[in-house]
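Dear colleague,

I am passing a structure on to you, followed by notes on what turned up in it. Please read the notes with the model open beside them.

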Amino acid sequence: MDIARVVGATEKMDGYCTGNGYMVTWALGHLVQLALPGTYGYTKTTAADLPMLPDPFRLVSRLIRTDRGTVTDLAASRQLKIIEGVFSRCESIIVATDAGREGELIFRWIYDYLGCTKPFMRLWISSLTDEAIREGMANLRNGSDYDSLHAAADCRAKADWLVGMNASRALAIATSSANNSIGRVQTPTLAMICTRFKENRNFVSVPYWQLHITLTLGEAHRQFIHTEEFKDKAAAEAAFGNIGTGSQATVTRLERKRVFRQPPLLYDLTSLQKDCNTHYDLTAEKTLSIAQSLYEKKLISYPRTGSRHIPEDVFAEVPLLLERLASHSTLSDKIVNLDGLNRRSVDASKVTDHHALLVTPNRPLALYKNEQIIYDMIAGRMVEAFSEECVKDTATVVAEVVPDAGERCEGLTFEAKGCIVRKAGWRGVYGEYGEDNGNTALPDWTEGDTLVMAGCSMSSGMTRPKPLHTESSLLAAMETAGREDVEDEEVRQALKDCGIGTPATRAAIIETLLRREYMVRVKKSLVPTEKGLALYSIVKGMDIADVEMTGQWEAELAEIEKGKTPHEAFMRDIESYTRKITTDLLACDRIFGHKAS
């Protein structure tokens with residue numbers, strides 16, 4: 001409707017708008033999809049039919065599940081006929097679907113399904129403001145410029161079909177149950193959840209002991225902590241028994257330095273979802289839904305972005321955005337006091353399809369509570385990102401205590417740290433460092449000083465396991481494909497860039513695992529169910545659960561998108577992989593106690 005209004009197509013018709021030489025129509029999400037196995041003659045779930053490798057794949061009008069089974073979505077079919085009629089009456093097409101993988105795929109599949117051959121151009125914008133639409137219309141791009149983007153999206157969809165359809169049918173045969181499914185991304189994600197759960201439950205907590213002392217020199221005093229924890233209680237008690245009031249310590253090392261902390265980068269979708277889950281208990285899916293609503297209200301830029309940077313031309317608009325923001329934001333005083341703009345988030349080479357999340361010049365009015373929360377988070381992060389660095393003076397003092405019974409044990413090394421905030425910078429945006437907050441200055445001691453023991457104590461604790469995954473920590477793991485466990489450095493870097501899934505799909509993957517009852521939410525934690533653990537116990541040693549391999553595929557899809565890798569090679573690898581996992585699953589005789597046949 002906004003695009004139609006801007007181009008002058010103001011006469012509303014059934015399924016499209018017309019006027020000023022334009023016809024504007026729309027899709028309703030994916031109107032076209034890959035055909036189900038039955039279309040290719042695979043009507044029964046039998047081992048003899050696996051693997052199913054359609055060549056070529058077929059496109060069909062969108063299908064929906066009903067009580068009568070899977071049927072054609074009449075609303076989708078109706079809109080497809082309208083689009084076909086619009087295409088037939090136009091000389092050329094302007095593609096204005098979301099400027100990303102899925103948006104490109106939505107159009108290309110419709111275009112192919114309808115057998116259209118009309119030339120098309122691309123409207124590529126990151127904001128739905130009138131100004132952005134006009135600028136985009138004035139700078140339309142050749143549709144062929146996005147052939148690689150389409151190839152990546154098409155490969156991803158077909159890979160998901162091949163892996164999901166074949167592995168799920170193989171699993172159904174092996175378990176004698178159709179109530180399970182396996183996916184190219186969902187199964188490695190489930191594996192990460194189950195692995196963390198098992199680590200947490202199998203963790204054996206062990207005790208440790210720690211020594212604390214207070215040292216003085218003149219009027220100054222500070223608490224020190226022993227540099228190492230004691231794993232043995234007897235050793236801790238022996239050390240504690242040999243030090244006491246009256247003991248002395250010598251300053252053996254003093255380190256002072258000035259630390260400059262750069263502000264955080266702007267939000268992309270995943271980092272926004274992580275913070276929303278951590279601070280406001282919002283699910284990834286809810287955050288995406290709200291961000292999409294704010295985008296459609298023209299209040300923020302395109303939300304499904306994987307970039308945390310902006311290019312120079314967008315940076316040039318930031319002063320205006322901050323000026324508008326200052327007139328209606330609780331951060332107005334922070335904006336007014338900005339002394340120049342920090343450029344850490346400005347790097348065109350790190351911008352993917354879309355730049356990082358920004359607010360638009362439009363004023364937010366009558367937002368719902370969660371909409372206001374997310375809008376304010378994006379606005380606040382902008383102010384932080386463009387603020388000055390935080391400057392702190394830090395100090396570390398190391399002292400060695402000579403016990404009362406020095407002849408019976410070695411000296412004990414203790415440490416104290418201090419910090420003085422010289423300039424709060426971006427840390428002051430939310431008042432994290434106030435006038436006195438954050439300052440723990442150490443006395444002006446020097447190496448060689450002798451300090452007097454004024455007190456000592458011993459504390460104990462128990463080691464703790466890694467906590468269960470939350471949506472925030474799972475999103476972080478998906479983003480990096482658990483690269484901490486990947487030894488190959490090149491693979492690690494590729495996974496860091498791509499991870500598993502995409503910013504736009506990770507929320508849906510989490511919801512799929514919940515919907516299929518492979519895991520549940522327990523407060524903030526994601527806990528695998530018996531069903532999820534049973535599946536994991538079988539697939540954990542298979543390629544289907546390999547997070548690293550899935551991350552490599554995402555990296556290959558990114559290369560296809562950039563036009564650096566031919567999509568044919570990727571599809572050959574996926575077909576080979578499909579054959580292997582199908583064979584592995586059919587040959588497995590341990591799944592839920594059933595035997596494949």
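Is W161 buried or exposed? W161 is buried, with a relative accessible area of 6%, where buried means under 20% relative accessible area, exposed over 50% and partly exposed in between, for a 1.4 Å probe and protein chains only.

Some conventions come before the rest. This is a predicted model, in which local features need pLDDT of at least 70 and side-chain atom pairs count only at pLDDT 80 or more, while totals for chains, interfaces and linings use all residues. Residues are numbered from 1 along each chain as its sequence is written, and side-chain values use heavy atoms, with hydrogens and water left out.

On confidence, the protein averages a pLDDT of 89, and 93% of the residues score at least 70; pLDDT is the predictor's confidence in each residue, from 0 to 100. Confidence is highest in strand 8 (residues 93-95), at a mean of 98, and lowest in helix 15 (residues 489-498), at 51; helices (H or I, at least four residues) and strands (E, at least two) are DSSP runs, numbered from the N terminus. Please treat two stretches with caution: pLDDT stays under 50 over residues 405-409, which have four contacts beyond four places in sequence, and also over residues 591-597, which have 23 such contacts, a contact being heavy atoms within 4.5 Å.

Turning to the aromatic residues, rings of Phe, Tyr and Trp (its six-membered ring) pair if their centres lie within 6.5 Å, with planes under 30 degrees apart counted as stacked, over 60 as edge-to-face and the rest as tilted. By this rule there are ten aromatic pairs. The ring centres of F57 and W161 are 5.4 Å apart and their planes stand at 85°, so this pair is edge-to-face. Because F57 lies in the loop between strand 4 (32-34) and strand 5 (59-61) and W161 in helix 5 (residues 147-175), the pair ties together parts that are 104 residues apart in sequence. F57 counts as buried, at 17% relative accessibility, and Y40, F57 and W161 form one aromatic cluster.

W124 and Y146 form a stacked pair, at 4.5 Å centre to centre with 15° between the planes. W124 lies in the loop between strand 9 (120-122) and helix 4 (130-138), and Y146 in the loop between strand 10 (141-142) and helix 5, so the pair ties together parts that are 22 residues apart in sequence.

Elsewhere, T305, in the loop between helix 9 (284-296) and helix 10, counts as buried at 1% relative accessibility. The C-alpha atoms of T305 and T352 are separated by 7.8 Å, although these residues are 47 residues apart along the chain. Leaving aside neighbours within four places in sequence, the contacts of T305 include D268, H354, H355 and P503.

With best regards
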